[in-house]
Amino acid sequence: MQAWLDALLALLALPQYGLSTLFIAAFVSATLLPVGSEPILFGLLKLNPEMFWQAIAVATVGNTLGGAVDWWMGYGAHKVADKYSHSKHHLRVLGWLERLGPKACLLSWLPIVGDPLCAVAGWLKLPFWPCVGYMAIGKFLRYVTMTYALLYVFPS
């Protein structure tokens, strides 16, 4: 098993697979799994600075698609979660999300709460495409801001 994993990681580390590796990492990091795609984006751009906008676009698309999967998971989990819907905190958060609507998905870039926020948007049956659009805007702004900051702090 270890040899298979080593071979897979070596394959994904090749320069021609850099953007696909970034896409996979960004997609997985948008799910509820604790994975960060920023280090991969930063490493790719340190090796290939001319790929800045391509890498930002790939990371944004991958992370947004991962957020869309979260939305669908939340949508499908609606009936299961009904038994937990009576706590005061739960009702307050749901009221806030219902007032904001799809615009709440702009906050999908936040650590810890951003990915579950996408799932809750689906659970609330907020409109899918507006939610995905706001997710994409928030995630794009996060990647641009964090990448510029990292490249500024670590210039060479």
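How do the residues of the lining of the second largest pocket divide into nonpolar, polar and charged? The model is predicted, with local features needing pLDDT of at least 70 and side-chain atom pairs pLDDT 80 or more, while totals for chains, interfaces and linings use all residues. Residues are numbered from 1 along each chain as its sequence is written, and side-chain values use heavy atoms, without hydrogens and water.

**View 1. Lining of the second largest pocket.** The volume of this pocket is about 300 Å³. Ser-29, Leu-110, Pro-111, Ile-112 and Asp-115 are the closest to its centre among the 21 lining residues. Two or more lining residues come from each of α7 (114-123) and α8, and α7 gives the most, with three. The lining comprises eleven nonpolar, seven polar and three charged residues. A pocket is an open set of points on a 1 Å grid where a 1.4 Å probe fits, with protein on both sides within 12 Å along at least five of seven lines; lining residues have an atom within 4 Å of a point.

**View 2. Nonpolar surface patch.** Trp-53, Val-93, Trp-96, Leu-100, Leu-106, Leu-107, Trp-109, Ile-137, Phe-140, Leu-141 and Tyr-148 make a patch of about 970 Å². Helices α6 (88-100) and α8 (128-153) each give two or more residues, with α8 giving the most, four. Patch residues have over 30% relative accessible area and no salt bridge, and nonpolar side chains are joined within 5 Å.

**View 3. Val-93 in helix α6.** Val-93 lies in helix α6. Its relative accessibility is 34%, so Val-93 counts as partly exposed (between 20% and 50%, 1.4 Å probe, protein chains only).

Notes: Patches are made of residues with over 30% relative accessible area and no salt bridge: like charges are joined within 9 Å, nonpolar side chains (Val, Leu, Ile, Met, Phe, Trp, Tyr) within 5 Å. Accessible areas come from the Shrake-Rupley method with a 1.4 Å probe; for residues, only the protein chains shown count as cover. A salt bridge is a side-chain nitrogen of Lys or Arg within 4 Å of a carboxyl oxygen of Asp or Glu. Grid points are joined across faces, edges and corners, and a volume is the space filled by probe spheres set on the points. Ala, Val, Leu, Ile, Met, Phe, Trp, Tyr, Cys and Pro count as nonpolar, Asp, Glu, Lys and Arg as charged, and the others, Gly among them, as polar.
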